Amino acid sequence: MKKYIAILFLLAFTFNEGQTYDFIRFRESDGLPLSQVYTIYQHSNGAIAVGLLGGGLSLYNGGVFHNFSMNEGFINSTVNGIKEDSKGNLWIATDDGISKFDGENFENHYDRAGKVTVWRIAIDKNDNIFLATSDGLIKYDGKTFENITKTLLHKKIGVYALLITASGKLIFGSAENVWEYDNEKINKIEKFSRKNIYGIFKIGKDDILIYANDSLFSYNDKKIFGIDLINRSGYENIYSVFKDSQNNLWVSDYGKGVYKINEREVVNYNKKNGFTNSGVWSIIEDKDSNLWFGTDDGLFFLNHSKLKFYENNDLISDLWSIFVSPNNKVYIGTTKKGLFEFKNNSFRKVKLEADEDRIFYQIIQDDNGAWWGATNRGLLYSGQISPSLKKELKKFEKKNIYSVFKDRKNNIWIGVNYDGLYKFDGKHFTSILIDSAVTDVESFAEDRKNNLWIGTDVGIYKFDGNNFSYPEELNAVKRYGIDDLLIDRYRNIIWGAAFGKGVVRYDLPTGSSRGKARIYGVPEGLNDNSILSLVEDFDGNIWVGTNKGLNKIVLNNADSVTAIIPFYRSDGLLGYECVQQSASIDSTGKLLIATAMGLLAFYPNDLRNLKIEPIPKIVSLQAFNLDTTVTFSNDFLFMDTGENIKYHVPNTLNNVKINFCGLTFPSSHGTKYSYKLSGLKWSKPTYETSINYNNLEPGNYTFSVRTISHRNKNGKLIASIDFKINAPFQKTILFKIIIFFLFTLLGIFLIYIRTRSIKKKNIDLRMRLEERKRINSVLRKAKESAEKSEKLKGEFLAQMSHEIRSPIHTILSFTQLLEFELSDKLNNELKESFRAIKKAGARVVRTIDLILNMSQIQTNTFETHFRNIDLTEEILKPLYIEYSQAAKAEGLKLNFIKDADNTLIEGDEYTINQIVANLLNNAIKYTEKGEITLRVFRTEEDKLAIEVADAGIGISKEYLPKLFESFSQEEQGYTRRYDGNGLGLALVKRYCQINNADIIVESEKGKGSVFRVAFK
C-alpha cells in the first residue's frame, strides 16, 4: 500500500525564487511574420510600425498585425529605419534603397537612389529625406537624389547613423568620425576622430549620446543623472539608447537585456523578469507613455499594470490549486510537483511523504491542522491515523478525487470521480447518495444556515443536513458541470461556475419569497463562457476566471450588477487560461489566481485606472457580390475621419464590409464598439470588429464607429468614412435625359404617323358609316323577324304542349277507369299492359314539361315566385313520401335524414321541388339495388344543403364535364339501357342558378353518385 496514508508534514528545504513578469511579448504566434524586430516607429495616427530583419513591414493597430512584404510591392524584406513626413507617409530604409508607403501603396526608389543599403533615415521640416547609406549621406528632395558626402567631401564614406536636432542641424556618423551638416556645409567633430560610430541617440531637447568604440559619449559633454557616461566602459554592444517621459534612460546591451537608469537606481531587465538577453535594436515610447522594444526575440511591451505574475521555472504550467490558511499562509498545489508555500515572492517546497507524481486538485487544512488533499491518485491525509481509519482510507486508493471541503463543524466532504460523495465526521467515512444522475462532485460551499451546496457534473444540489434537493430555479444549469461555488460574504447569494454556460447567480430564498436565478455569459460582457474559478474581493466584487482570462462582476448596494469588466493581455495578463477552482484571497485583500502561465497576484484596487479609451480607426472598406470582392481602401494610416465621398462603389457590388479597430496597446482584444450607418441608430455594444451591409440602395452613406467603455459609456472619439453606392446607368440623370430625348423624338414621329393615319381613317369612317346604316337596316328587319319567330316559337310550344297534354291526360284517365272496372277480370299480362300505358303516358307528359320549361328559361319567359320556404316540411317530406313508393316498387329503400334544425330558405318553390324530384327520379332510375338517401344539413360554411346519394351505376370521370349539358346522356343510341331525353340534369343546373345555389357531383363508375345542392 502507498505510503501516503502515513504522511509526514515537514517544512520545505527547497527554495525557488518567484519571478515577476513586467513585459508582454509579441512574436509569430501573435501575428508577426518574423521575431527579429529591428526598428519601431509610431505613426501620428497611433499605429505602431514595426520593421523586421527579413520579414518586411508590419503595422499594428492593437488588434491585428497587418504585414507587408515584397509580395505587396515592398522594396525589400529587411527594414533598417522608419520615419514619417508631414503628409503622414511612411519612409522606410531597407537593404535595397527606400520605399514610401501612403497606407495603401508602396513607391520604391532603389533605381534612382542606387541599390544600396540604407541604414538610417531622417526627415527635416521641409520633408527632405536624408539617408545614411553604405555610399554616404544621400538627400532626396522629392525629385532628385544627391550624394552629399561625395559632393562636399569628394570621397566615399559609409554612414551608419544620423540624427536631426531640435534646431534642424543634421548629425551623422561614419566609420571614423562624427559630422555636422548645416547650410550646405559639412564639419568634422574632432573629439570623435578615429572612433567607429554605430549610433547617435537624442535623449532630450539638447542631449545627444553617441555610441562608439563600445562606449557611450555625450555629444554636448554633459553628465546624465550625475553619471559620467563619457568614455565609460563596460558596455559591449549598445544597439539603442532612449530617454522616456519619466526621465528614465534606457540602454540596451547585447546579451544583457536592457538597463533602466535614473537618479536613484540602475535596473537590468533580462530573462529573469520576462524580457530577453538577445539584442535590443530599437526603443520607443508611444503617445500613452508605453515603452516598446524591438529585439531579436520579438516585439516587447513594458506593462505598467500592477498585475504581477510569479513563475518558477520548474512550476510553470503546473499550478493547480491555492489554499490560504487562517494565519494567511499561501499554499500552492501543483501537477506532479508537490505542494509549495508561496511567501515573499518565493516558492518553498513543503515536504509531504509520497506527494510526488500527483495532481493536487484541491488542498485544505482541518481545524486540527491536518492536510487533506484531493488528488488524481487518492486522498492525501496528514493527521493521526488509527488502525480503523487506516482501513477506511484504503478504500480511496488509486481513485480520482476531484474535491475536498471542510464545513463549519469540521466535517470533511470528499468528491470522488464516479463514486459520489463521502463525509468524514472525525471518526468514520460515510458514503452519501446525492442523485443517481451525479457521477462527479466538483465543488462545495456552505451558506449562513449551514446548508451545504454541492456543485456536480449535472448542476447544483442543496443538502440541509438530512436531505438533498435541487432548486427548481436552477434548472437552466442542470446539465452543466459546476467547476466552482462561492457564497459571497456580503449578500445571501450563491455564485456558480457553470462551464460552457456562464456564471450562475442564485439569490437564496428569504422568508416566503422564492429563490431567483440569473446567468451572466458572453452576451452580458464576459470574455468567455468557460467558467473555471470564482473569488470575491473585499469590496464585494466577483472575479471570474475563464479560459480567456479574468472578468470582474461589479455589484452596487442594491445587489444589481452594474458592470462586467473583462481583462485581457492589454491589462497585463500573460496567459489567458485560469485553473479550475484555483482562486483565493488573503487577509490583506490580495487576490491569488492560478493561470496556465503562473501565479497571478494583485490588489483589485490597483486595476481601477488601467482602462484607457481606445482610439477608433477604420481599417478597410470592401465591396462584394457572390463572385467578386473589391477592397476600395486598405489605408492603415489615414482612414480615421469622414471625407467628401472618397469611395465610389459600383451598384453591382452593393454589399459592403467595413473593418475597424480600437487603437489601444498592447492589445485591443476585448474592446467593445458601437457603429451606425447614416440614417440608422447606433448599434448595441459589440466585440465584433467588422460589419456587413447587404443590398444597399444607390446613394451617399457615412459609416461611423466609436469605442465603448467597460461601463458601457460611449467614447468621445468617433471615426467616420463616407462612400457612395453608384446608381445603375438606367437610374442616372444622363440616362433619364437620353430617354426623355428619345421619347420626344418618338412622340413627334408617332404624332406624324397618327395624323396620316387619322386622315386615312376619316375617309374609311365615312365609307363605314354608309355601310353601317345599310347593315343596321338589315339588322332591324332581322331582329323584328327573330322576335316574331321567338314569339311564334313560344306560342307554338305552349299550344303543342296543350294539344299533346289534353289527349294524353284523356287517354290516361280512360285507361285508369278501364283498369279499375276490369280489375277482377284482368290476367297478369293485361295488368302489365295497363302499367306500361301509364308509364309511357307519364314519360310523354314529363318530356313535354321539360321541353317547355327549358324553352321558357332560354327565352327568359320562365316565371318564378320567391318566398320563405321551410325546405323540410314543404318540399322534402312530401317528395320523400311520394318517391318512397316508387323506390319500393323498384325494390329499393329511400332514407330521409335531417341534420339541420333550421331549414328555412328563400327561394322558388317550383324550381326547388323540381331539383329534388329530378335528383330522386334519377337515383331511383339508375339504382338497381341498395339504398338511396335524401339528406338536409349545414355545411362547414353554415350553408343549407340537400344531398341525394345512391348506390347506382355511377358516372365515368370522362363524362362528368358534360353532365349538365342539354340533351346529353352517357349512353347513346337505341342500345342504351335507360330512357330519358337528357334535359333533366340540364334543368336542375339552371334551377340551381335561379335559386342562387351550387350543385356538386361526386361519382365513381359502378359505385354510385352523390349530388349536393348548397344554397348561398
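**Briefing: salt bridges, surface patches and local backbone features**

At 56% relative accessibility, Arg 514 counts as exposed, and its side chain takes part in a salt bridge with Glu 473, in which the closest N and O atoms are 3.1 Å apart. This pair links distant parts of the chain, since Arg 514 sits in the loop between β49 (502–507) and β50 (516–520), while Glu 473 sits in the loop between β46 (468–469) and β47 (482–487), 41 residues apart. The model is a predicted one, and a search of the whole structure finds 24 salt bridges. The points below take up some of these contacts, and then turn to surface patches, a strand pair and a helix.

**Salt bridges**

- A network of salt bridges links Asp 899, Arg 935, Glu 947, Glu 1002 and Arg 1012.

**Surface patches**

- A patch of positive charge on the surface is formed where Arg 754, Lys 761, Arg 768 and Arg 772 gather.
- Arg 772, one of the members of this positive patch, has its place in helix α4 (residues 733–821) and is exposed, with a relative accessible area of 57%.
- A nonpolar surface patch of about 690 Å² is made by Phe 729, Leu 734, Ile 738, Phe 741, Leu 742, Leu 745 and Ile 748.
- Leu 742, one of the residues of the nonpolar patch, likewise lies in helix α4, and its relative accessibility of 46% makes it partly exposed.

**Strands β28 and β29**

- Strand β28 (residues 280–285) is largely enclosed by the rest of the structure, because five of its six residues are buried.
- β28 pairs with strand β29 (residues 291–295) in the antiparallel sense, over five bridges, and among the residues involved Ser 282 has Gly 294 in β29 as its bridge partner.
- The hairpin of β28 and β29 has five residues between the strands, and in this hairpin Ser 289 takes a positive phi near 65 degrees.

**Helix α8 and the residue that follows**

- In helix α8 (residues 984–994), the buried residues are Gly 984, Leu 985, Ala 986, Leu 987, Val 988, Tyr 991 and Cys 992.
- Asn 996, which comes just after α8, takes a positive phi of about 55 degrees.

Notes: Residues are numbered from 1 along each chain as its sequence is written. This is a predicted model: local features need pLDDT of at least 70, side-chain atom pairs count only at pLDDT 80 or more; totals for chains, interfaces and linings use all residues. Side-chain values use heavy atoms; hydrogens and water are left out. Patches are made of residues with over 30% relative accessible area and no salt bridge: like charges are joined within 9 Å, nonpolar side chains (Val, Leu, Ile, Met, Phe, Trp, Tyr) within 5 Å. Accessible areas come from the Shrake-Rupley method with a 1.4 Å probe; for residues, only the protein chains shown count as cover. A salt bridge is a side-chain nitrogen of Lys or Arg within 4 Å of a carboxyl oxygen of Asp or Glu. Lys and Arg count as positive and Asp and Glu as negative; His and the chain ends are not counted. The place of a charge is taken as NZ of Lys, CZ of Arg, CG of Asp or CD of Glu. Helices (H or I, at least four residues) and strands (E, at least two) are DSSP runs, numbered from the N terminus. Buried means under 20% relative accessible area, exposed over 50%, partly exposed in between (1.4 Å probe, protein chains only). Two strands pair if DSSP finds at least two bridges between them.
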